[in-house]
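Hi,

Here is the structure I promised to pass on. Please have a look, and my notes follow below.

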Amino acid sequence: MEKVDQLEQYAQARFEHAVAKRNLKERIEAELHITHNGGMFRADQNLIAFLNSWEDSSLYMIDMYDNPIQVDRKTLLTEAKRANQYAINSYYTEYEQLKTTRRAKQV
Amino acid sequence: MNNLKLQDEPNKSKGVVMFARNSKLDYMRIAQHNCKLIKQHLQLPVAVITDTRTRDESDTSMFDYVIMDDTEYNNTRVFYLKSEKLATPWLNGSRSDAYTLTPFERTLLLDADYLIMSDRYKTLFDIDQDLSCHYDVLDVTGQNLYKTDQRLSPYTIPMVWATAVVFNKSEFADNVFALMKLVKEHWQYYSALYQFNRKMFRNDFALSIALHILGGYGTEAFRIPWRLPTLTSRARIIDYDERGIKYVYEKQERDYVGRVQQDIHIMDKKSLVDFI
């Protein structure tokens, strides 16, 4: 019975950990949203890679609301890189903290 | 209804509006607390819409605008808390008047109990959308308790949430709020048409119907692109400090604990009031 109790407690701790990680990721995902010229974009690797590879300084892109937006490539790229690194750095820092927390009771 | 007090003249173009009318629950206290959070994280002026009784028994000095609404609505909501059941008059009926009551050109309309702990809503003031709201809820306890709230009822239209709505003074938003009012006035008819329980008026349902009809039928063009984080009324707040809100909830006779430090819609208003 002692082992069963131990396993139950372990399962509970893992559940709390999984929920905390999912909540953290949701929060970080929301921080990735940036605006440009009235449109909203997700500052992920795809956007950064696409803007990096494009040569023209101005282009049209479809935003998260499916609206075509005129984009200043360099301005959006700079903002996307800033938002991306800010969000992922926060994710890294808080995830490292979360890993060392055995039980959510300790948070 | 009249705009009783204009406490100063901050930038009128953008701001936050909350409704706070006390019943058995002290909604004004929650709104006061949220006002401080909004000013800290969003740096925007805040207007509160309240009634004479609530205003007279509260300190409203932190709000940039105090707008009076003494309309009577008879709605009752039952909150199921861990050890008790609380039935309280729920004065939510005038939400559809927010369009005419707001002093701002672009407004973030919030439930007072949706605590703002980040600056993420700032982005919604910079986009070319006349209205945005949430289509999905994130149950932060991980139990997915709101999965049945994806539609007004199993075989009808998708549900949106009126907890946080960003809108412009525009023809579209004007019409959406006008239709919400119409839905409220003909609640029985619309409940039969869209097959949901008519017992309690819900702003979420009125907004869902208005957006469904005016938004091009079946589009999701008004979606805020992240989920609405919500702490269910089955969870009890046990700590609240600069690290966020710590809660506990019971599942299969075990207590589960978590902490959130993000914008969060608190359903257990009673335990929130104890901590603010």
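To begin with, in what order do the 3 strands of the open sheet in chain B come? The order is S13-S14-S15, with antiparallel pairing (strands are DSSP E runs of at least two residues, helices H or I runs of at least four, numbered from the N terminus; two strands pair if DSSP finds at least two bridges between them). At the edges, pairing on one side only, are S13 (235-241) and S15 (254-260) of chain B. S14 (residues 244-251) of chain B is joined to S15(B) by 7 bridges, and Lys246(B) has Arg259(B) as its bridge partner in S15(B).

A word on conventions: this is a predicted model, in which local features need pLDDT of at least 70 and side-chain atom pairs pLDDT 80 or more, while totals for chains, interfaces and linings use all residues. Residues are numbered from 1 along each chain as its sequence is written, with chains lettered from A and ligands numbered from 1 in the order in which they are written.

Now the contact of the two chains: 24 residues of chain A and 22 residues of chain B take part (residues are in contact if their C-beta atoms, placed from the backbone, lie within 7 Å). On the chain A side, helix H1 (2-31), strand S1 (33-36) and strand S2 (39-42) each supply at least two residues. H1(A) gives the largest share, 12 residues.

Finally, within chain A, helix H2 (residues 45-53) touches helix H3 (residues 73-99) through Leu47(A), Ile48(A), Leu51(A) and Asn52(A), and Leu76(A) and Ala80(A) are among the residues on the H3(A) side.

Best wishes
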